[in-house]
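Here is a short briefing to read alongside the coordinates. Take a look at the sequence and the fold, and then we can walk through the details together.

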Amino acid sequence: MFETKSGVFFVAGLAFFAFAFLSNALVPHLMYRDLPEQTVAELVNGNLRYQFEDLAQRYPEPFQQVYGTPPAGDAADEWFDAKCAEALELGHDVYVGEGCWHCHSQFVRPVSNEDRRYGPVSESWEYQNELQRPVLFGTRRVGPDLCREGGRRSNDWHAVHFFKPTDLSPTSPMPQYPWLYDGASDKPNERGLALITYVQWLGSWLESYPYYEEYERLPLKDAELQAANSESGTGVAP
Amino acid sequence: MSAAISISPTAPATIDEHQLVDRPIIVAYFLAALTYMLVSLAGGFLMAFQLIQHNPLQGIELLSPGRWRMIHTNAIAYGFIANAFLGALHWAVPRLTFRPVFDRRLSWLIFGAWQVVVLSTAGGLMFGQAQALEWGETPVWIDPVAQLGLLLVAINFVAPIMRNTGPMYVTLWYFLAAFVWTFLTYAMGNFVPEYFVTGTSAGAVGGLFIHDLVGLFVTPLGWGMMYYFVPILLRKPIWSHGMSLVGFWGLAFFYPLQGIHHFLYTPIPMFLQYGAVISTIAVELVVATVIINFFGTLWGNGSAIVGNLPLRWFYTGMIYYFLTCFQCALQVTLTFQALIHFTDWVVGHAHLVMFGVFSMWLLGMMTYLFPRLLGVDWYSRKLSEWHYWLSAGGMLVMAGDLILGGLFQGWSWAALQPWEDSIAVSQPFWATRVIAGLAITGGQLAFMFNLYKTWQVSRHVRTKAAH
């Protein structure tokens, strides 16, 4: 068998390969078969909607050009959800096409103090959605991990950063992406708005959102905190 | 050199070497391979200059370093390595089986189809249509064409292997298995995580793909070639047949089981991660037997690597192979992973494998074959030496530099220093990498110039002979 054609073909070529595939790929698939795979529409959550509407307010003209005007009344809610899902999907495609995932990972490991830098360690259910086909774990960090990036920076920070990273981070080796804009950092185009939406989505599904390095709650009493919240009227959980 | 064909009981009495081996297609494959080598080097430089903040082509969409980083890896894997192997296979398989390939017209069809695949991959990546699979960024619409191409490759080369009766030489074990594995690996990696599974399970398949592409496509073809060329160059058989068996079957069993080691500490179940770690360490032991076998073969003829340039390329590649496998046995442990994963350590490792080992072997094969294909000796031995020393030296500097730099990056992150600090600490390493890359490029340019001159001489000789 060890030196025959059929041995090499069937045993080494087919059987060993199949054994490896079954044990390494099918086992995790079977283990997670009960975790439902979320569609892009299902991924739109309150935190993301907040950021998306913020984009609409910050960049009214580019936003209107790309998405039009929201309908009046209750229909606006559905409209924003639909457009947000659209942006999220396109943003994912831009993220993949630009190779961002070769400089940024999307998982927090339980070692090397990563939970202190980035936030809670990643779990399987977080990846169980359409935008993780194939999964965007990543294998290299030239820049920081991004899976807890949502809400950590404001939309205009991202807009300026993608346009010219060195304006915000002078030593940054991250490339410029002027083609995501119509000439200026305050005029993101369709792909630009979408990419910002995508980045704001990362981690928006977590209770700890938004996660800041060494973030500690202000030592305000609960009552004061609530009062402050209702005053600012953002309606976002503290 | 045709005397080198090993004796097989099925060997026909007389063989016309020119009918057996399709020489023009080998030249065509090698030239295509060298072209993509240049493309890959260009992509590497774009990113390397970007990292040291001196990219002169900033802000141009089609030249974005992020996109060209993917062209860099795809051009070396599918453009250089695959093309060069296909060329070398057209030399080795007919000579080992005493039979031509299945069909010569098919060979040219495959050649054309493969160039279409590689060019449209590069074009697709340039226009931002990547698929999110490392080493398989080929846009999804090309995948079926590539898959068909691999099937045709298998038919074309497996046919002569199957028609051959009698015992199969080691090389053919590796080749036969490689044709099956490459086809399966490509199908698994490009279709399963895109269409069938998602999330963490897609990660497991993706890891398997990254790994099998090196382990089940490049590695068996590479070692198969070594088992073929080294005994010819040394004019003596491989040291131990038993060790050859251990090497092949050890690789076949343990290699495919390791994919998950690319994603340690992810949410992939821990017991699967342990399995991948253990089988990785097991395969390093197997690798040691193969290395011992080849150095056993060299034993007593060590000085041959001084004068014989192809042999020197091969054995340098083997030393790098041993180093990179040793590195792998360390880095695959969870202790090392905590520190070095995500850093340039891994990038150093990847360069050592893809360039230091397999590209070096293929360049050695080209150094051996071009004079035989063109019918004249190399135009300049000196240029060939420059090619070797700049490639081997540049590679050693680049790998050492990146591996060391990776350690500093890992420590900087674990110490929770601000991100800019990890960039500042990387700068000297990134600068050194550019210099090493320039040396490697210089070597390849010397080779291409030498080749051009050699071709001129061969044309001259041919026209003279015609008169």
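A residue counts as buried when its relative accessible area is under 20%, as exposed when it is over 50%, and as partly exposed in between. Please keep in mind that this is a predicted model. With that cut-off in hand, Cys84(A) is buried, because its relative accessible area is 0%.

**Cysteines**

- How many disulfides does the structure hold over all chains? The count is zero.
- Over in chain B, Cys328(B) is in no disulfide either, and its nearest cysteine sulfur is that of Cys325(B), 6.6 Å away.

**Where chain B meets chain A**

- Chain B brings 89 residues to the contact, and chain A brings 76 residues.
- About 7000 Å² is buried between chain B and chain A, with 66% of it on carbon and sulfur atoms.
- On the side of chain B that touches chain A, helix α6 (residues 170–196) of chain B gives the most, with 13 residues.
- Sorted by class, that side of chain B has 54 nonpolar, 26 polar and nine charged residues.
- Three salt bridges are counted between chain B and chain A.
- Arg191(A) and Glu61(B) form a salt bridge, and their closest N and O atoms are 3.0 Å apart.

**Salt bridges**

- Over all chains, the structure holds 21 salt bridges.
- Glu114(A) and Arg141(A) meet through their side chains in a salt bridge, at 2.8 Å from N to O.
- This pair links distant parts of the chain, with Glu114(A) in helix α6 (residues 114–117) of chain A and Arg141(A) in the loop between α6 and α7 of chain A, 27 residues apart.
- Are these two partners buried or exposed? Both Glu114(A) and Arg141(A) are buried.
- Arg148(A) forms a salt bridge with Glu126(A), and the closest N and O atoms are 2.8 Å apart.
- Arg148(A) and Glu126(A) each lie in the loop between α6 and α7 of chain A, so their pairing ties together parts that are 22 residues apart in sequence.
- Arg148(A) counts as buried because its relative accessibility is 5%, and Glu126(A) counts as buried at 6%.
- Lys164(A) and Asp167(A) also meet in a salt bridge, at 3.8 Å from N to O.
- Lys164(A) has 31% relative accessibility, so it counts as partly exposed.
- Arg49(A), Glu53(A), Asp77(A) and Asp81(A) are linked in a network of salt bridges.

**Helix α7 of chain A**

- Which residues of helix α7 (residues 155–163) of chain A are buried? They are Asn155(A), His158(A), Ala159(A), His161(A) and Phe162(A).
- These buried residues of α7(A) pack against α3 (46–58) and α8 (190–201) of chain A.

- Asn24(A) belongs to helix α1 (residues 5–31) of chain A, and it counts as buried at 5% relative accessibility.
- The side chains of Asn24(A) and Ser23(A) are joined by a polar contact of 3.0 Å.
- Residues of chain B that Asn24(A) touches include Ala204(B), Leu208(B) and Ile260(B).
- Leu57(B) sits in the loop between α2 (23–51) and α3 (65–97) of chain B, and at 35% relative accessibility it counts as partly exposed.
- Not counting residues up to four places away in sequence, Leu57(B) touches Leu46(B) and Leu63(B).
- Leu57(B) and Gly203(B) are 146 residues apart along the chain, and their C-alpha atoms are separated by 34 Å.

Key:
Residues numbered from 1 in each chain as written. Chains lettered and ligands numbered in written order. Predicted model: local features only at pLDDT ≥ 70, side-chain atom pairs only at ≥ 80, totals over all residues. Heavy atoms only, no water. Disulfide = S-S within 2.5 Å. Buried < 20%, exposed > 50% of the residue type's maximum accessible area, 1.4 Å probe, protein only. Helix = DSSP H or I, 4+ residues; strand = E, 2+ residues; numbered from the N terminus. Contact = heavy atoms within 4.5 Å. Buried area = accessible area lost by both parts, 1.4 Å probe. Salt bridge = Lys/Arg side-chain N within 4 Å of Asp/Glu carboxyl O. Nonpolar A, V, L, I, M, F, W, Y, C, P; charged D, E, K, R; others polar. Polar contact = N/O pair within 3.5 Å; in protein donor to acceptor, adjacent residues only side chain to side chain.
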